[in-house]
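Open the model in your viewer and keep the selection panel at hand. The tour goes from the chain contact to a few single residues.

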Amino acid sequence: MTTEELFQVITELEPSAKQSEKTSDRPTVEVPPEALVALMQKLRDDPRLSFNMLLAHTAVDWLEERLFEMVYQLYSPQNQQYLAVLVYVPRNNPVVPTISSIWRIAEFQEREVYDLLGVLYDEHPDLRRLFLEDDWTGFPLRKSYQDDFILERPK
Amino acid sequence: MSVNITTLDERTRVTSEADSALDTEEYFVNMGPQHPATHGVLRMVLKLDGETIKEVIPVLGYIHRSIEKICEHSTYRQIVHLTDRMDYLSSIMNNWAVSLTVEKAANIELTERIEYIRTIVAELERIHSHQVAWGVMGMDLGAFTPFLYGFRDRELVTDILEETIGARLTMNYIQPGGVMFDIHPNFVKKVKEYIAYFRPKLDEYEDLMSGNPIIQQRLRDVGTMDGETALSYGATGPVLRASRVPYDLRKIEPYGVYGKADFNVAIGTAGDCWDRYYVRIEEMRQSIRIIEQLIDNIPEGKFMVKKPAVKIKVPEGRYYGHVETARGVLGVFIVSQGKDIPYRMYFRTPNFHNLWCTTAIAPGGRIGDLVAITASLDLVIPDIDR
């Protein structure tokens with residue numbers, strides 16, 4: 001399946017999913033948060049696509065744009081096809097729906113993102129800190145994070 | 001909308017009380033962070049009924065060093081030196097993952113010699129990593145001899161690598177644009193000697209452990225995981241392949257010179273601990289085959305494409321690259337703004353993903369089975385925590 005065919009199938013399945021204009025070395029689509037779960041479910045279950053591996057999930061803190069970019073890296077062993085799905089949420093109210101009902105590993109990847117970047121996952125079965133203690137304040141991977149131990153990069 | 005943030009305290013409360021004097025009561029037991037069978041500082045809170053596991057709750061963070069945050073202040077050549085502190089038994093392959101992604105993004109062309117050296121060194125490391133996995137598995141199951149056998153043979157691999165690289169554990173060798181040093185003049189000869197030495201030793205491994213009835217009973221039909229569950233839990237490497245999914249990056253999208261080598265992907269049939277154990281034995285055989293095919297054909301050329309640049313600039317964009325380490329897929333995700341340091345760096349580590357399989361396959365078994373399961377997953381804890 002070529003990249004054009006892939007985007008064609010995806011827009012057919014979920015009209016709100018758009019091909020991303022961001023520079024990326026993998027085929028990338030952007031989708032609004034409310035359509036994420038529906039899109040992901042179809043990406044996994046549609047026999048033409050069958051993206052049944054969620055290779056990685058993380059987030060990027062765009063401080064100046066005041067956005068969190070949620071990144072989902074998918075792989076389809078059947079078609080040997082990669083796909084990155086991007087979701088943008090505002091930095092002051094970062095809530096995305098959980099996809100842990102589709103891929104079990106998402107539950108733990110999402111806990112990592114919550115722990116380090118403070119993104120909240122709607123309907124998550126067990127949202128709690130993963131690496132840090134439960135009473136830690138702040139989210140260390142945010143660009144604005146400050147604490148007593150942080151060092152400046154030498155110029 | 002319902003966002004409910006919980007704590008470990010809430011998760012580990014006893015919910016069911018004993019109804020009668022004959023009924024059993026649920027209780028929690030801590031396994032780790034200081035426990036010999038967790039191979040490091042992994043803590044698992046076990047919800048038990050008698051000796052039967054009801055639930056496994058892994059608690060992480062005891063060796064978290066925030067490598068991803070340090071990366072945001074480091075040049076790509078500095079980042080390479082952090083990666084071998086993640087999965088220390090796949091250190092060279094971790095170097096390779098970062099180098100591969102940076103080279104692809106910055107369009108750095110490599111010589112054939114570099115690709116050959118990288119592939120051979122990575123396969124040597126895969127052998128020594130599986131030797132440790134094999135030996136430590138024996139020790140976890142109560143047999144001390146395999147541990148000594150595994151380490152005896154592993155020492156010889158590290159001797160060979162030390163001559164070229166200078167380190168025995170956290171080996172920094174591959175870097176963007178090539179490898180740090182040319183191979184030692186003795187390298188080819190010693191590798192051949194080692195292959196000749198190790199091949200019969202591998203049969204000895206099988207005589208010692210594979211046929212042992214205790215090992216068979218501890219591993220067969222324990223921790224069975226089907227392919228669909230393994231994919232859903234993001235498992236990769238020998239763990240996924242043991243569940244009959246032939247996903248091996250060396251085969252499906254060959255990097256280095258894996259495309260030129262003839263080798264088979266070992267897969268299991270049942271997906272139990274035994275299959276995960278045996279897939280590793282078979283992978284050592286295949287690694288020997290790969291090395292044998294490549295070792296005589298290392299072409300002449302540069303080991304570093306140009307004078308090492310301290311500051312490699314990666315063009316703006318998002319880049320994802322990955323390699324098959326001894327434990328699975330190590331993915332590197334770089335978000336660059338065109339500078340010499342990344343804006344955001346994310347490591348998709350194999351052990352982090354493989355770990356969660358315990359929450360699926362351990363419930364219903366005994367505590368002893370959990371020890372066999374963690375041994376068969378071959379977890380390296382610094383790679384989970386990063």
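A salt bridge here is a side-chain nitrogen of Lys or Arg within 4 Å of a carboxyl oxygen of Asp or Glu. Keep in mind that this is a predicted model.

**Stop 1: the interface**

Show chain A and chain B together. Select Lys104(B) and Asp25(A) for one salt bridge; their closest N and O atoms are 3.4 Å apart. Now widen the search to polar contacts. Across the interface of chain A and chain B, 25 residue pairs are in polar contact, both residues at pLDDT 80 or more.

Next, hide chain B and colour the side of chain A that touches it. Which elements of chain A each supply at least two residues there? They are strand E3 (53-62), strand E4 (67-76), strand E5 (81-90), helix H3 (105-117) and strand E7 (120-122). E3(A) gives the largest share, 9 residues. Colour by residue class: this side of chain A has 28 nonpolar, 8 polar and 16 charged residues.

Bring chain B back. The contact involves 52 residues from chain A and 54 residues from chain B. The size of an interface is often given as the accessible area lost when the parts come together. Chain A and chain B bury about 4600 Å² between them, with 54% of it on carbon and sulfur atoms.

**Stop 2: Asp385(B)**

Select Asp385(B), in helix H16 (residues 381-385) of chain B. Turn to the backbone instead. The nitrogen of Ile63(B) lies 3.0 Å from a polar atom of the Asp385(B) side chain. Show the surroundings, leaving aside neighbours within four places in sequence. Asp385(B) is then in contact with Leu60(B), Gly61(B), Tyr62(B), Ile63(B) and His64(B), and with Phe131(A) from the other chain.

**Stop 3: two positive phi values**

Most residues other than glycine have a negative phi. Stay in chain B and select Asp378(B), in the loop between helix H15 (367-377) and H16. Asp378(B) is not a glycine, but its phi is positive, about 55°. Asp378(B) counts as buried because its relative accessible area is 5%, under the 20% limit.

Finish in chain A, in the segment after E7, at Glu123(A). Phi of Glu123(A) is also positive, near 65°. Is Glu123(A) buried or exposed? Glu123(A) counts as exposed, because its relative accessibility is 51% and the limit is 50%.

Notes. Residues numbered from 1 in each chain as written. Chains lettered and ligands numbered in written order. Predicted model: local features only at pLDDT ≥ 70, side-chain atom pairs only at ≥ 80, totals over all residues. Heavy atoms only, no water. Helix = DSSP H or I, 4+ residues; strand = E, 2+ residues; numbered from the N terminus. Polar contact = N/O pair within 3.5 Å; in protein donor to acceptor, adjacent residues only side chain to side chain. Contact = heavy atoms within 4.5 Å. Buried area = accessible area lost by both parts, 1.4 Å probe. Nonpolar A, V, L, I, M, F, W, Y, C, P; charged D, E, K, R; others polar. Buried < 20%, exposed > 50% of the residue type's maximum accessible area, 1.4 Å probe, protein only.
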